[in-house]
Each structure stands twice: as structure tokens, then as C-alpha cells.
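Please read the following account alongside the sequence and the three-dimensional model.

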Amino acid sequence: MATVYDFIAQNNRRVFLLSFVFCVLVLLCTWGVAYSFGMAHYSRPPDGSDNYVDYIGKSIARNVIDAIFSGKNYEAPDIEWVSEDLYPKVRNFAWRTTAVVFFVLMCFLISPPRFLQSMVLNSSHAQRMQEAQYRELYRLAGTIFKTAGLPPPKLYIIEDNSLNAFTTGFSPENSALVVTRGLLNNLSNPELEAVLAHEAAHVACKDCKLMLTAVSSVLLFSFLAEVSFVSIFYGARRNIFAAAVIWCIGAV
């Protein structure tokens, strides 16, 4: 039968695997997007067109018109592609961009646990409970957590009539227990005790750490994908640096 230590070890492995896969996916996508941006930013068509799509379209149209008026068979034009010295410049740009994103990822992964915890609490509009006002709830939560071998949690409340509760935090020492107003108003003491015990089990098994890693990873990766997708429609050459700035601001 699995013990709490087995669940903790399993969650720790999942956090490591999730963080590793997340970093690899972001860095691979960053290198590919940066390489495409670099090709669009540094390349210059021979006739001064805005981009190579316009250049190819003009070349084909010009050859078709010449074939019509001259009576000759149409021949595909010889497109003058980018020079060989462009590729090292684009690759360097892609690697430099990937290095910057790697540095940002490392800062994100080693950021203080309270930073991610505060993101969750702020997004859910949770307010800290004053112990003098909720003395009985503090006593009940402290007893349950102490019985489970955990330090007493910080208590927060959400002014909502739904029946809900959750815990957040990377470690039991900085765990936060959040309950809704509806939960306090509609549950009896035994029912509330059962809910608090359930949340204490999440803290003991470090489920909160796994969920914080999963949610933050998915949100940041999806935001990067959305910015890359939108940047395609606004022209990479004109907005390459603006897109980078917007990505950083949006991530923060």
C-alpha cells in the first residue's frame, strides 16, 4: 500500500519531469521562432521589396507578362535567394535569443516560492484572515495540520458563496489555506473539519507544488505561442524587437 512518502516522491519526480519538458519545449520553440524572425529581419530582396513573398510574386508576374507579350513559353524565374553570409548571422541571432529566454526561465524556476503563491492568491481575490476575528477556524486548522505533522497554515478567505477550498504553496512551511465565505456559512464543524483535513493531505503530499508548476508552465508556454502567432500577421521585420518587449511585459 502506498504511503504519503511514496506520493511525495512521485510528485517530486513529476515536478522535475514537468519542469524539464517545459524548458525543452520553450527553448526549441524559441530557437525556431527566433530563426524565422532573423531570416525576415536581416534578409533583403534584391529589388528592394518589403519581403521575399512580394519579391517572388513580382518576379513571377513580370515573367508571365513578358511571356504573354513576347509569345514565348513561360519559364519559371530564377529567384535570387539570400546570400550564404546571412545564415551565420541568423543562427547567431537565434542562439542569443534562446540564451536570453533560458536565463528568464531559470529566474522563473528559481524564483521565491512566495512569488508564485502570491500570483495564485491575488488572482483568486483571497484576503488574509485576521486571527482575532477567526480564532475558532485558526484553532481548528492548526489542530488538523499539527495532527498531520505540518506547521499551521496561513488562512485566507474569498468572498464568494460557492463551496470551495484549496491550498497553495511550494512547501508546508509557506502553505496557505483558502476557503470561501459559502463554505464557512453552509458547513457544520465536522464537515468543515473534513474539508480542512483533505486540504492538509494535499499539503503533506506536495500536490500544491505540482499544481503550481503545471499551471504556471502551461500559461507561460501558451502565452509564448500566442505572441508568436500574432507576430506573424504583423510582419516580423518591423516588429521583431517590439514583439520581444511585449512578450516580456506580458509574461510579467
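A salt bridge is taken here as a side-chain nitrogen of Lys or Arg lying within 4 Å of a carboxyl oxygen of Asp or Glu. The model under discussion is a predicted one.

One of the salt bridges joins Glu-136 to Arg-139, with the closest N and O atoms 2.5 Å apart. Both residues belong to helix H5 (residues 135–147), and because they are 3 residues apart there, about one helical turn separates them. Glu-136 is partly exposed, at a relative accessible area of 47%, and Arg-139 is likewise partly exposed, at 46%.

A salt bridge also connects the side chains of Arg-181 and Glu-159, at 2.7 Å from N to O. This pair links distant parts of the chain: Arg-181 lies in helix H6 (residues 181–186), whereas Glu-159 lies in the loop between strand E2 (154–158) and E3, 22 residues apart. Arg-181 is partly exposed, with a relative accessible area of 22%, while Glu-159 counts as exposed at 55% relative accessibility. In general terms, side chains of opposite charge can pair when their charged atoms come close.

The sheet may be considered next. It is an open sheet of 4 strands, arranged in the order E1-E2-E4-E3, and its pairing is mixed. Strands of a sheet pair through backbone hydrogen bonds, in either a parallel or an antiparallel sense.

Which senses of pairing involve E4? E3 and strand E4 (residues 176–180) pair in the antiparallel sense, over 4 bridges. Within this pairing, Ala-176 of E4 is the bridge partner of Thr-168, and Leu-177 of E4 is the bridge partner of Thr-167. E2 and E4, by contrast, pair in the parallel sense over 5 bridges, and Thr-180 in E4 is the bridge partner of Ile-158.

E4 is mostly covered, with 5 of its 5 residues buried. Ala-176, Val-178 and Thr-180 point one way from the strand, Leu-177 and Val-179 point the other way, and all are buried.

Thr-168, the bridge partner of Ala-176, is found in strand E3. Is this residue buried or exposed? Thr-168 is buried, with a relative accessible area of 3%. Leaving aside neighbours within four places in sequence, Thr-168 is in contact with Gln-117, Val-120, Leu-121, Asn-174, Ser-175, Ala-176, Cys-208 and Leu-212.

Attention now turns to the nonpolar interior. In soluble globular proteins, nonpolar side chains tend to be buried together. The largest nonpolar core has 21 residues, of which Met-129, Leu-137, Leu-155, Val-179 and Leu-196 touch the most other members. The elements contributing two or more residues to this core are H5, E2, E4 and H7. H5 provides the largest share, 6 residues. Leu-137 touches Met-129, Leu-155, Val-179, Leu-184, Leu-192 and Leu-196, when residues up to four places away in sequence are not counted.

Apart from this core lies another, of 9 residues, among them Cys-23, Leu-105, Phe-108 and Leu-116. Cys-23 is buried, with a relative accessible area of 10%, whereas Cys-29 counts as partly exposed at 34% relative accessibility. How many disulfides does a search of the whole structure find? The search finds 0 disulfides.

A final point concerns backbone geometry. Most residues other than glycine have a negative phi. His-125 has a positive phi of about 60°, although it is not a glycine. His-125 is found in the loop between helix H4 (113–123) and E1, and at 60% relative accessibility it counts as exposed.

Conventions: Residues numbered from 1 in each chain as written. Predicted model: local features only at pLDDT ≥ 70, side-chain atom pairs only at ≥ 80, totals over all residues. Heavy atoms only, no water. Pairing = 2+ DSSP bridges. Buried < 20%, exposed > 50% of the residue type's maximum accessible area, 1.4 Å probe, protein only. Core = buried A, V, L, I, M, F, W, Y, C linked by side-chain atoms within 4.5 Å. Contact = heavy atoms within 4.5 Å. Disulfide = S-S within 2.5 Å.
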